[in-house]
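This briefing covers the model shown below.

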Amino acid sequence: MTNSWTDIKNTDLVIVMGGNAAEAHPCGFKWVTEAKAHRGAKLIVVDPRFTRTAAVSDYYAPIRPGSDIVFLMAMIRWMIENDKVQWDYVKNYTNAAYIVKDEFGWSDGLFTGYDEEKRDYDKSSWDYVIGPDGFAEVDMTLQHPRCVWNLLKEHVSRYTPELVEQVCGTPRDRFLHIAEMIGECSSPTKTMTSMYALGWTQHSKGSQNIRGMAMLQLILGNIGVRGGGMNALRGHSNIQGLTDIGLMSNLIPGYLAIPSEKEVDFTTYMSSRGNKPLRPGQTSYWQNYPKFMVSFMKAMWGDSATADNDWAYDYLPKLDVANYDILRMFEMMNNGQVNLYFCQGFNPLLSFPNRAKVTAALSKLKMLVVMDPLETETAHFWQNHGIHNPVDSAAIQTEVLELPSSCFAEDEGALVNSGRWLQWHWAAGAPPGEAMHDTWIMAQIFLKVRELYRTEGGAYADPILNLSWDYADENEPTPAELAMELNGRALEDVYDPKDPTKLIVAKGKQLLNFSQVQGDGSTMSACWIYGGCWNEDGNNMARRDNNDPDETGAFSNWAFSWPLNRRILYNRASADLHGKPWDPSRKLLEWNGEKWTGYDVPDISPTAKPEEVMPFIMNGEGVSRLFSRGLMRDGPFPTHMEPFESPIANVFNAELRGNPVARVFKDDFEQFGTSEEFPIVATSYRLTEHFHFWTKHNKINASLQPEFFVEISEQLAAERGIKKGGWVRVWSKRGAVYAKALVTKRLKPMQCGDQLVHVIGVPLHWGFMGAARKGWGPNSMTPFVGDANVETPEFKAFLVNIEPSTGEAVS
């Protein structure tokens, strides 16, 4: 989230699209109700289903799963045509004025540079014209035909309200009514906030869904302001923390990148980092990348990371492919290329697409180790549970070890919420029986592996033998020790580079924040963005001061928000070019002639002059990007791409299937269904009464939602002869499920051009373990394909068929 949960109370308009906050995030949704009750804010919901969020909305519109980009690009077109643009914001705080290369273009659903055989783009034309001074050329009048603004106008010109009706199934009058509501928020004194979740991310073009809304928000001037923002509602309480500390196959903590095998040394690696400023005087904060990286390496390998050995750069793994995401790992597993799989706090058998393939892959392992407080389907994948898991147990030779671990209520530590708040919590009790804390389990594994390297050697033992493990009890690092390590400390006395006589931080002391991180090896910090979470002032994550001066919604002394306890990212954009708040009634920051003052930590140097340094300091431009250059694999503007399984062809190019650059493995491509055999669109969703695959083990939750079902419209039920509460079989090209039919008015067929499209909803909380009745989830039917940029599986739009079943789904 660019903003915090508590800031949502400051908005005038909430749009929930690609999410269902009232059901999936009921506590956070409180702040929407605060905005409605105290500011008269309106709520718009755009969703295939009439959800509980829609039930309390002011305006609802249906949309066909997988067609969001058409809706968003049409919305941008409407704003431009109707002059609903915050012009001062757009001209000064976006790259609208930047001139793009003549070679760049778009036609037939594709941008320039597409290679059909490689399923990839040559992105060299997706860039700015660079002048002889080394800076990007701009036209602040926005008259140049090749400036980003005019290219955007041309790009969205084809996305008409009529196309929205034809492709999205959203009635034209509903689209236009929503456009008028959103258009009011182009005023500097009126803001809109966007709330989205997995309904946008779990598509083969999910990243472009999000970019589309971000572009709309930039055009309205709603990024960096109170009551605005792009707010991602994370699915678990600590998913934000997971990505922050690098638990992605291509990242290390603080969103630093794991090197590729082409980056043979530290100098080569650093040569592509740092974002040289593209305009004079801009900050480009990533120029501090070497400091962050060196301090991370010192946290990892301490005295073994020195300038002489490039800070132990050779110890880091080097990627031979873009990433080893879960789809690639299970493809390799299925091909017999993975022998051992550690599964910690995760349930892939129900979480990953194409369950049959996941089962086959797990069956080819030599060993599966599961660390979890519950008995998961993954740990028991080899057991035959009749129709719910019809495996041949005798044929599966995988050795499975279950290591019972603690649950969150038995742990101490910090959870990072969607709004980037690190909130410390304390253990309510001890783990039962033989269960142990995850930290103890992982420590034991590491210590034993290290001892094996010490006694037996190995191909390259140095990274293991020299790993820093400086804990009071090496058998179990404490949460406090780990948190202080993430924050960082001085390894030597650190002096002010501007005044060598001034000591900034003494050796052994915790760093105040990441501004004190150094690139000379004198500091360590395992995750630079967490700098300040536990410094010499103590555990700032444990703060519980709910004082909120002038009721801004910042609550600055409650817990700690990365970075630097900042509550709203890009908050310098809340003021105009001269540093005056766009909306004085919602002041966030203001320039007083010498420095930035206000209610939040400035997202800029406190003394950076407002007319000189622009708000988006992580970008080389200093401004935000309506045109993303070559940073997205599937295009610098979002363009409509159908799901890989779609009831209709791509209106721009009927030959295109899915995202043209999404990675698809050969066998999976052959398992995509067609609308002739599978005419119905299915989408997955969550229920308030259950939390993923966890609370079905709890008898109360299991009683609230005891049985697997699918949700279908009254029209589809009549067409297929399905009774309310009757059994149905739903199947795709990859698998089938049996369920009770929830026949409801919440889903209605959508008229897409001359085609009537039926949609069914499939909740995901059932399996064959736990207190609830045995059932399935949607992943028995979903395709094995992910987003082109981050590989998130396409769970929200796939094709199925449905028919009445002859009996209850039992073995």
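**Cavities, cores and local geometry**

The lining of the second largest cavity divides into 4 nonpolar, 3 polar and 4 charged residues. The structure is a predicted model. The cavity count comes to 2 at 30 Å³ or more.

**Cavities**

- The second largest cavity has a volume of about 50 Å³.
- Its lining is made up of S4, D7, R226, T552, G553, A554, R567, I568, L588, Y599 and D600.
- The largest cavity holds about 110 Å³ of space.
- A set of 17 residues lines the largest cavity, and P188, T191, V225, W582 and D583 are the closest to its centre.
- The lining of the largest cavity comprises 6 nonpolar, 6 polar and 5 charged residues.

**Second largest pocket**

- This pocket contains about 390 Å³ of space.
- Its lining has 19 residues, with S468, D470, R489, L491 and M524 nearest the centre.
- By class, 7 of the lining residues are nonpolar, 5 are polar and 7 are charged.
- Helices α13 (289-301) and α19 (479-487) each contribute at least two residues to the lining of this pocket.

**Helix α19**

- The buried residues of α19 are A483, E485 and N487.
- The cover over these buried residues includes α13, β16 (421-425), β20 (523-524) and β21 (534-535).

**Nonpolar cores**

- In soluble globular proteins, nonpolar side chains tend to be buried together.
- The largest nonpolar core has 88 residues, and F71, W149 and I182 touch the most other members.
- Helix α4 (residues 68-81) gives the most to this core, supplying 11 residues.
- Domain 1 (5-92 + 156-232) and domain 2 (666-805) each provide at least three residues of this core.
- Leaving aside residues up to four places away in sequence, W149 touches I80, V85, W87, V90, A96, L142, I219 and L626.
- A second, separate core has 47 residues, including A257, L319, A490 and I529.

**Domains**

- The chain is divided into domain 1 (5-92 + 156-232) and domain 2 (666-805).
- Their C-alpha centres lie 26 Å apart.
- Contact between the two involves 26 residues of domain 1 and 27 residues of domain 2.

**Two buried residues**

- V759 is in strand β32 (residues 759-763).
- V759 counts as buried because its relative accessibility is 3%, where the cut-off is under 20%.
- The C-alpha atoms of V759 and A682 are 5.5 Å apart, although the two residues are 77 residues apart along the chain.
- Not counting residues up to four places away in sequence, V759 touches P65, I680, V681, T683, E711, L747 and M750.
- H385 sits in the loop between β13 (367-372) and β14 (399-404).
- Its relative accessibility is 15%, so H385 counts as buried.
- Beyond residues up to four places away in sequence, H385 touches F768, M769 and K774.

**Backbone exceptions**

- Most residues other than glycine have a negative phi, and most peptide bonds are trans.
- W562 and P563 are joined by a cis peptide bond, with omega about -5°.
- P563 lies in the loop between β23 (560-561) and β24 (589-591).
- D83 is not a glycine, yet has a positive phi of about 55°.
- The loop between α4 and α5 (87-93) holds D83.
- D83 counts as partly exposed because its relative accessibility is 48%, between the limits of 20% and 50%.
- E551 also has a positive phi, near 50°, and is a residue other than glycine.
- E551 is located in the loop between β22 (538-539) and β23.
- With a relative accessible area of 60%, E551 is exposed, as the cut-off for exposed is over 50%.

Technical notes: Residues are numbered from 1 along each chain as its sequence is written. This is a predicted model: local features need pLDDT of at least 70, side-chain atom pairs count only at pLDDT 80 or more; totals for chains, interfaces and linings use all residues. Side-chain values use heavy atoms; hydrogens and water are left out. A nonpolar core is a set of buried Ala, Val, Leu, Ile, Met, Phe, Trp, Tyr and Cys residues joined through side-chain atoms within 4.5 Å. Buried means under 20% relative accessible area, exposed over 50%, partly exposed in between (1.4 Å probe, protein chains only). Helices (H or I, at least four residues) and strands (E, at least two) are DSSP runs, numbered from the N terminus. Domain bounds come from an automatic or database domain assignment. Contact means heavy atoms within 4.5 Å. On a 1 Å grid over the protein atoms alone, a cavity is a set of points where a 1.4 Å probe fits but cannot get out, and a pocket is an open set with protein on both sides within 12 Å along at least five of seven lines; lining residues have an atom within 4 Å of a point. Grid points are joined across faces, edges and corners, and a volume is the space filled by probe spheres set on the points. Ala, Val, Leu, Ile, Met, Phe, Trp, Tyr, Cys and Pro count as nonpolar, Asp, Glu, Lys and Arg as charged, and the others, Gly among them, as polar.
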